[in-house]
Amino acid sequence: MSVDMATRLECGADPAALLDQVAEGANHPEGAHQLDCGICQAVIAELTELWEPVRGWATQDLRAPAWLVDTVMRRVRRTAGTSRETLAEGPKGRTSVADRVLVLIAGPAALDVPGVAGSASREPPEVVVDERGRARVRVEVSAHAGAGDLVRLAERVRQAVADALEESTGLCVEGVDVTISDLT
Amino acid sequence: MPEGWREGPRADEGTTEADSSASATPTAQARAESELVERATAGDLHAFETLVRAHQDQVFRLCLRMLGNRSDAEDATQDTLFRAWRSLPRYRGEAAFSTWLYRIALNRCRDMGRARRPTAAFGDDLPDPDRDPEQCLLQVEGVAAIARAVACLSDDQRSAFVLREVDELSYQEIADVLGIGLGAVKSRLSRARAELACQIRAGGRRR
């Protein structure tokens with residue numbers, strides 16, 4: 001049996017209404033008729049089976065990827081231009097730098113390392129400073145094809161970025177995550 | 001720099017009202033969320049991040065089911081949350097924050113959908129690899145068939161259908177998100193289901 005959804009059943013019931021009932025998991029809204037009607041019961045059984053995979057599809061556990069929050073917040077911070085870090089604070093005042101200044105220090109330092117061909121991403125480096133003034137940097141670069149040992153290249157990038165930030169700002173650089181995402 | 005921008009304490013750290021939301025009543029949760037929205041609107045990025053963490057899965061789920069593939073859904077989710085940030089000053093709190101986010105997400109999905117027809121990707125719904133391979137194959141085929149059939153629905157029908165079946169919104173909530181009456185919601189849902197039933201029977205093939 002394969003019910004035509006656009007045509008009323010022989011008993012007069014609307015198959016679309018029966019499908020709504022099945023989809024909603026509702027109980028006999030039309031009362032006694034379908035309880036005693038073999039046609040309705042057969043159609044409900046057919047539609048229940050038909051709808052089972054839809055239920056499975058609808059209730060799958062889908063989650064946003066773990067990186068999404070950071071990506072969104074990076075965009076937000078860049079637009080807001082609000083993020084800043086305090087470098088020194090004393091009775092005569094406070095010295096702060098905007099995060100974009102830290103990015104402007106870290107980015108060129110990475111790009112100046114021999115073997116680095118350029119930035120490999122539209123995203124600038126990310127510099128996150130925690131409450132205790134420790135910085136963690138993420139930077140993505142492309143390397144020259146003949147750059148040789150990429151692990152050593154990454155180590156040089158790591159050192160250059162940490163040195164530049166520490167020298168310019170006095171921040172303690174806790175770590176620099178380097179991704180080499182292209183060879184040119 | 002605009003006046004009022006500030007970075008308050010992380011809403012998920014220390015003693016804040018948001019901390020207790022997991023065990024709080026719906027009213028308390030709504031109040032905590034309302035405070036987060038207020039702080040985010042004032043420029044508190046940590047409050048906004050807490051809102052993003054709380055709502056990213058629901059936005060992603062909606063986008064994935066509307067657009068049919070993971071890559072587009074990731075883009076649409078990012079855009080939705082970023083647009084939410086930029087539009088926060090215009091959010092008046094007349095609708096629930098999640099309702100407002102759903103609206104932004106659906107608009108974004110519609111914009112992306114105009115550029116390309118929704119697709120039904122196979123890789124988005126991979127089953128548990130520990131299961132029997134034959135069962136996995138059946139599961140993948142079943143999910144793909146439903147996804148193909150859903151992709152054949154009109155935008156209006158798919159929106160109502162996904163909000164009801166996937167996000168389990170009430171008819172009234174769907175009406176609020178879509179800006180239509182209850183009768184229109186019921187009608188769209190009913191037509192979407194009937195259309196889907198026909199598509200599933202036809203093997204999810206495009207009309």
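Me: What percentage of the 184 residues of chain A count as buried?

Reply: Buried means under 20% relative accessible area, exposed means over 50%, and partly exposed lies in between (1.4 Å probe, protein chains only). In chain A, 42% of the 184 residues count as buried. This is a predicted model, where local features need pLDDT of at least 70, side-chain atom pairs count only at pLDDT 80 or more, and totals for chains, interfaces and linings use all residues. Residues are numbered from 1 along each chain as its sequence is written, chains are lettered from A and ligands numbered from 1 in the order in which they are written, and side-chain values use heavy atoms, with hydrogens and water left out.

Me: How many helices and strands does chain A have?

Reply: Helices (H or I, at least four residues) and strands (E, at least two) are DSSP runs, numbered from the N terminus. Chain A has six helices and six strands. Along the sequence, the pattern reads α-α-α-α-β-β-α-β-β-β-α-β.

Me: What share of contacts in chain A, between residues at least 6 apart in sequence, join residues at least 24 apart?

Reply: Contact means heavy atoms within 4.5 Å. For chain A that share is 57%.

Me: Now the interface. What is the area buried between chain B and chain A?

Reply: The size of an interface is often given as the accessible area lost when the parts come together. Buried area is that loss (1.4 Å probe), summed over both parts. Between chain B and chain A it is about 3900 Å², with carbon and sulfur atoms giving 62%. In chain B, the residues that lose the most area to chain A are B:Gln78, B:Phe82 and B:Arg201, together 17% of what that side buries. By contact, 47 residues of chain B meet 38 residues of chain A.

Me: How many residue pairs are in polar contact between chain B and chain A?

Reply: A polar contact is a pair of N or O atoms within 3.5 Å; within protein, one must be able to donate a hydrogen and the other to accept it, and residues adjacent in sequence count only if both atoms are side-chain atoms. The count between chain B and chain A is 10 residue pairs, both residues at pLDDT 80 or more. On the side of chain B that touches chain A, α2 (45-67), α3 (70-87), α5 (133-151), α6 (155-165) and α8 (182-201) each supply at least two residues. The largest share, 12 residues, comes from α2(B). That side divides into 24 nonpolar, six polar and 17 charged residues. Here Ala, Val, Leu, Ile, Met, Phe, Trp, Tyr, Cys and Pro count as nonpolar, Asp, Glu, Lys and Arg as charged, and the others, Gly among them, as polar.

Me: How many salt bridges lie between chain B and chain A?

Reply: Side chains of opposite charge can pair when their charged atoms come close. A salt bridge is a side-chain nitrogen of Lys or Arg within 4 Å of a carboxyl oxygen of Asp or Glu. Six lie between chain B and chain A. Take A:Arg63 and B:Asp57, at 3.8 Å, N to O. This pair crosses from the loop between α3 (38-58) and α4 (68-80) of chain A to helix α2 of chain B. B:Asp79 and A:Arg75 form another, with closest N and O atoms 3.1 Å apart. That one crosses from helix α3 of chain B to helix α4 of chain A.

Me: Are B:Asp79 and A:Arg75 buried or partly exposed?

Reply: B:Asp79 is buried, because its relative accessible area is 15%. A:Arg75 counts as partly exposed, at 23% relative accessibility.

Me: Which parts of chain A does the pair A:Glu174 and A:Arg134 tie together?

Reply: This salt bridge is 3.8 Å, N to O. A:Glu174 lies in strand β6 (residues 172-183) and A:Arg134 in strand β5 (residues 134-143), so the pair ties together parts 40 residues apart in sequence. A:Glu174 is partly exposed, with a relative accessible area of 46%. A:Arg134 is partly exposed too, at 28%. Elsewhere, salt bridges that share partners join A:Asp20, A:Glu24, B:Arg164, B:Glu165 and B:Arg193 into one network. Within it, A:Glu24 and B:Arg193 meet at 2.7 Å, N to O.

Me: What does B:Ala40 touch?

Reply: B:Ala40 is in helix α1 (residues 26-41) of chain B. It counts as buried, at 2% relative accessibility. Leaving out residues up to four places away in sequence, B:Ala40 touches B:Ala47, B:Phe48, B:Leu51, B:Trp85 and B:Leu88. B:Ala40 and B:Leu88 are 48 residues apart in sequence and 7.7 Å apart in space, C-alpha to C-alpha.

Terms used:
Buried area = accessible area lost by both parts, 1.4 Å probe.
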